[in-house]
Amino acid sequence: MSSVPPASMPSVTSDETKPKKLGGYDFYKEVLGSPKYIVAPMVDQSELAWRRLSRRYGAQLIYTPMINAKMWADDTHKNYRTANFDIASGEEGDPAIDRPLIIQFCANDPEKLLASAKMLEGHCDAVDINLGCPQDIAKKGRYGAFLMDDWDLVFRLINILHTNLSVPVTAKFRVFPTVEKTVEYAKMLERAGAQILTCHGRLREQRGQYAGLADWSKIKAVKEAVSVPVFANGNILFQSDIEECLRATGADGVMSAEGQLYNAALFAGLSASSPSSTTSTSAPTTTAHPPPEIQHPPHVDLALEYLSIVQSLKTRTAVSAVKGHLFKLMRPALSRETDLRELLGKVKIGGKDADVSYDGGALQPYVDICLEMKKRMERDTIDASGKTIEELTTIDKATGLRVLPHWLAQPYFRPPPPPMPAKREKVQKPKTEALGTPDPIKAATVPAKRSISETELTADVEKLNEGLVSVVTGIDGGGFESERAGKNAKPKLEPGFIQEGVGVSLVGV
């Protein structure tokens with residue numbers, strides 16, 4: 001016979017003692033505040049300091065950099081934990097300064113994912129699962145977009161968090177070649193328990209120089225097929241793209257990665273309000289855009305403001321993150337002021353990619369470079385006095401997109417990608433060995449590389465998160481990618497632009 005606990009000792013598992021966990025549109029509205037302008041999860045780039053800056057310029061919801069659940073669950077990786085979410089400092093996830101916030105994990109083991117998420121659920125508003133990373137490191141680690149073929153595992157990853165966490169679970173994923181399969185996948189994610197879906201409108205194969213454009217029509221199909229909020233990801237360069245995306249997809253919000261990294265003011269001046277009901281797919285009403293000087297402030301001012309935030313925090317900001325942000329923010333001018341570009345690339349603080357305390361003026365070399373850049377940009381602004389921003393704006397011949405004066409924050413875009421190379425058909429080798437004769441082709445073949453051990457893979461992930469083995473190769477908002485590379489690999493951007501030590505990695509996956 002089951003015993004009944006005394007009245008003076010109520011059960012701690014009673015439904016009455018559990019706080020109500022909201023889901024879907026109730027969660028989207030009441031907890032998150034109906035956000036429309038969202039900053040993507042970006043390894044080494046959506047860190048606390050950048051989140052603080054982004055919120056000052058209109059971002060309404062931000063995701064943390066991707067955290068590897070397997071590594072976080074391992075007690076021996078204490079440095080990894082501190083570097084990726086510093087609980088001890090008390091600032092990350094602080095309701096007063098760092099909310100709303102969604103923490104993103106990558107994983108392929110439901111139990112380890114749950115163990116990691118349970119440790120951080122009290123420091124965020126939701127936990128997101130990365131189902132969109134297309135990089136080689138994700139393929140070897142079997143996470144991100146390389147789980148798209150294992151729907152059963154994906155279901156279990158989402159469902160175990162949905163069932164056991166005190167906060168909702170969300171998911172960010174890429175599309176399939178067909179609308180039908182994309183929609184079925186999204187509906188499966190919803191059945192598993194995902195309370196918000198972020199749909200990146202690119203295929204798993206669309207990365208690096210072949211990133212191309214995101215397919216908004218597939219995002220629209222997902223939005224119409226599910227009953228939970230949907231965020232659209234991809235093709236966001238200017239503020240005008242935000243409204244166009246919302247209109248084309250019917251999405252509840254727009255997520256940006258690279259577009260926002262090059263211009264932290266991407267969302268500045270936009271209306272903070274959302275429609276009272278976002279469950280319909282009706283197009284949003286047209287809104288007036290803020291003036292150009294709000295949308296595109298001087299990039300060096302953003303850089304100096306970011307450095308000031310880094311200096312003010314107890315939470316340590318990785319050197320690779322600082323340098324990466326400065327290179328991207330000031331890119332329009334660094335391509336001209338090559339001496340400053342070289343100086344910025346050579347700055348070393350506390351060793352390569354070290355997390356250091358900035359007390360005692362460790363950031364001063366960066367500040368000095370930015371102040372010199374400010375003087376030069378003010379000089380150029382005076383030289384152009386009497387002309388409006390519109391009059392100074394040109395059109396890029398390769399893309400047809402606007403290029404603003406070089407002293408203003410603006411997106412970086414690349415020429416349209418070349419056609420993807422056709423897959424080479426495998427040639428069937430003659431089975432001569434069956435006749436007892438060694439196959440001369442096989443005998444002359446170099447043996448395959450040995451398999452990578454779990455220890456080596458863990459080390460690779462640690463290096464990846466330190467920004468040591470990645471180079472920028474992507475395109476625009478939501479499609480900003482990277483590829484693992486050796487220490488001598490060169491960035492696939494314009495020659496000489498990114499110097500050693502920038503450490504940009506896996507943003508917008």
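Tutor: In helix α7, the buried residues are Leu153, Val154, Leu157, Ile158, Ile160 and Leu161. Buried means under 20% relative accessible area, exposed over 50%, and partly exposed in between, with a 1.4 Å probe and protein chains only. The model is predicted: local features need pLDDT of at least 70, side-chain atom pairs count only at pLDDT 80 or more, and totals for chains, interfaces and linings use all residues. Residues are numbered from 1 along each chain as its sequence is written, and side-chain values use heavy atoms, with hydrogens and water left out.

Now the geometry. Seen down the axis of α7, the buried residues fall within an arc of 155°, so they line one face of the helix. The arc is taken over the directions from the helix axis to the C-beta atoms. An α-helix has 3.6 residues a turn, so residues three or four places apart point the same way.

Next, the length. Helix α7 covers residues 151-164, which is 14 residues. At 1.5 Å a residue it should span 20 Å, and its end C-alpha atoms are 20 Å apart, which agrees. The expected span is 1.5 Å times one less than the number of residues. Helices (H or I, at least four residues) and strands (E, at least two) are DSSP runs, numbered from the N terminus.

What covers the buried face? The cover of the buried residues of α7 includes α5 (110-120), β5 (126-131), β6 (169-174) and α8 (179-192). Contact means heavy atoms within 4.5 Å.

Take α5. The axes of α5 and α7 come within 9 Å and cross at roughly 35°. Axes are lines fitted to C-alpha atoms, for helices over the stretch in contact, and angles run from 0 to 180 degrees between N-to-C directions. The crossing of α5 and α7 is right-handed. That term applies if the near helix is turned clockwise from the far one by less than a right angle, left-handed if anticlockwise.

From α5, the contact uses Pro110, Glu111, Leu113, Leu114, Ala117 and Lys118. From α7 come Leu153, Arg156, Leu157, Ile160, Leu161 and Asn164. These residues divide into 8 nonpolar, 1 polar and 3 charged. Ala, Val, Leu, Ile, Met, Phe, Trp, Tyr, Cys and Pro count as nonpolar, Asp, Glu, Lys and Arg as charged, and the others, Gly among them, as polar.

For context, the chain has 20 helices and 13 strands. Of its 509 residues, 54% count as buried.
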